Amino acid sequence: DFRLADLHRTENDSHALIDSLKRITSTLYESTGTANLAYDRPATSMPDRLSVVRELIQLLVRRERYSEANDLIASLRRSRDRLDPKMTRMASEVSFKMADFSRAVELAEQAAEASGSAADRLWHARLCELAGEGQNAESSYRKAIRSDPNHLDASLAWIRFLSRTGKVAEAREQMAMFASRLEQPDLSTLIAVAETQYQLGDARQADQLIAKINTAEFDSIEQHQRFESLLRRCRSTDAVIDFLESTKARASNSDQIDLACWARRRLAMTLTETNLHDAFTLAQRLLKANLEIDPQSIEDRHTLASVNAIYLVESDPDVPLKQFELLQRDGWSPTQSDQFIIGRLLWSTGQFAKGKALMMSLLTDVQGRRRDHVRTFAQLLLTQKDYREAELWINRLIEEGDDDFATAEMLLRVRYGREQFDDVINLLTFDPEVGGDLAIPEVKWFAETSTADQ
């Protein structure tokens, strides 16, 4: 006899738990040779194969081993006519992590239609929105609310969707109705409402709600994660650091090992956003403390590699490159953002073609990339004096409404590098207050951007 509960005793050793689950899954397949091996067996004598597989997939995802999780789901799909809604939802989440958005949306729709739950409807709606399918997203948000009118997350998600799509007045009206029927909200609801108020531009009300939240009463890492995300949106980096420091201290004093490790990990990454002269040393110290607890922790090894990539990208890129390589050997699956970081490191070692190929995976994904990714790539092209391609990416930034002065500087460098000196003079001497409406859009944009940033 063996049970999943027994396996959790090895959770501090993630590799042992994964290997144990793999052996159980393999044994269950081999012992019967059939897809329906566990359903007619008592749970005490033989665990439900699907539960074992689901447990394994969840663990692989937590350990960022997405390709293995994806392979296991594919194997399961071959052995069954149809996955149940929970497994289909999980398969969608894995596809999303693998940056297969069309597949993720398709599976999310299947899960939502099969289960009819508000949670699955919301997941489908969010993916549709990320994929630019506004009408499908709206339809799924509405279905989520119809399926459970009292579902708080569905109501707030709908309000945020209205705000994002420019229907701010309707969103505010819905928010007022929602607040009027809200009685004694729990901590998770307070966080969700504060997030929504902030998105609606009601910073004062969001701050009032944040002040009511006693973080010492959080009972899950998920609540800590959501509160950190909220602070990042509406408070300073210092406020985020204070929250993570207090969480780390409280968790360490109460032997909440997982929470303490999470706080140290997030604190290490947050320190990279500061100008502290010893931020790199402090971040490394935090992560090494975690790795003393679990030397094989994928999360901490990944974070350490990412921190090293930030600080060593020019001086010693081989160090983080080796760390990323070892992670992949151990089954870790890089996301598109990770591939961009690895590509940037390869570029620093002179492997321009290989580095560019990895970065392009993210750069060509309009939904997944951020402006700083495009800006970084354009800067790299400028260092190689590839002015023509750099200009293409800079133009994309301008078209997307970028108003960062760094982009304006790059545009100037492109014009100068291509010896377009008349354009350089026009960019530097144009006065938007004199002839703004008649100006070439690029010239007007440069003037407004460079003036606003001074």
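A residue is termed buried when its relative accessible area is under 20%, exposed when over 50%, and partly exposed in between (1.4 Å probe, protein chains only). By this criterion F243 is buried, with a relative accessible area of 5%. The structure is a predicted model, in which local features need pLDDT of at least 70 and side-chain atom pairs count only at pLDDT 80 or more, while totals for chains, interfaces and linings use all residues. Residues are numbered from 1 along each chain as its sequence is written, and side-chain values use heavy atoms, with hydrogens and water left out.

The protein chain contains 26 helices and 0 strands; helices (H or I, at least four residues) and strands (E, at least two) are DSSP runs, numbered from the N terminus. Of the 454 residues in the protein chain, 44% are buried. The accessible surface of the chain comes to about 23400 Å², and carbon and sulfur atoms account for 47% of this area, as computed by the Shrake-Rupley method with a 1.4 Å probe, only the protein chains shown counting as cover for residues. Contacts (heavy atoms within 4.5 Å) were also examined by sequence separation. Among those between residues at least 6 apart in sequence, 53% join residues at least 24 apart.

The burial pattern of helix α12 was considered in detail. Its residues A206, L209 and I210 are buried. Viewed down the helix axis, the buried residues of α12 fall within an arc of 100°, so they line one face of the helix; the arc is that of the directions from the helix axis to the C-beta atoms. The face turned away from this buried side carries the exposed residues R204, A211 and K212. The cover over the buried residues of α12 includes α11 and α13.

Rings of Phe, Tyr and Trp (its six-membered ring) are paired if their centres lie within 6.5 Å, and planes under 30 degrees apart count as stacked, over 60 as edge-to-face and the rest as tilted. The structure holds 12 aromatic pairs. In one of them, W158 and F161 have ring centres 5.8 Å apart and planes at 25°, so the pair is stacked. W158 and F161 are 3 residues apart in helix α9 (residues 152-164), a separation of about one helical turn. Both partners are buried, W158 with a relative accessible area of 6% and F161 at 3% relative accessibility. The rings of F227 and F243, in contrast, have centres 5.0 Å apart and planes at 65°, so this pair is edge-to-face. It links distant parts of the chain, with F227 in helix α13 (residues 221-234) and F243 in helix α14 (residues 237-253), 16 residues apart. F227, at 5% relative accessibility, counts as buried.

A further aromatic cluster is formed by W347, F352, F377 and W393. R396 lies over the face of W393, at 4.1 Å from the ring centre; a charge is placed over a ring if NZ of Lys or CZ of Arg is within 6 Å of the ring centre and within 35 degrees of the ring normal. F377 is also in contact with E389, whose other contacts, leaving aside neighbours within four places in sequence, are K356 and L381. E389 is located in helix α22 (residues 387-399) and is buried, with a relative accessible area of 16%.

Side chains of opposite charge can pair when their charged atoms come close. With a salt bridge defined as a side-chain nitrogen of Lys or Arg within 4 Å of a carboxyl oxygen of Asp or Glu, the count comes to 26 salt bridges. Among them is the pair of E68 and R65, with the closest N and O atoms 2.6 Å apart; R65 is buried, at 8% relative accessibility. E93 and R89 form a salt bridge at 2.7 Å, N to O, and both lie in helix α5 (residues 85-97), 4 residues or about one turn of the helix apart. E93 is partly exposed, at 31% relative accessibility.

A salt bridge between D202 and R172 has its closest N and O atoms 2.7 Å apart. D202 lies in the loop between α11 (187-199) and α12 (203-212) and R172 in helix α10 (residues 168-180), so the pair ties together parts that are 30 residues apart in sequence. D202 is buried at 18% relative accessibility, whereas R172 is partly exposed at 36%. Elsewhere, salt bridges that share partners join E228, R232, R266 and E273 into one network.
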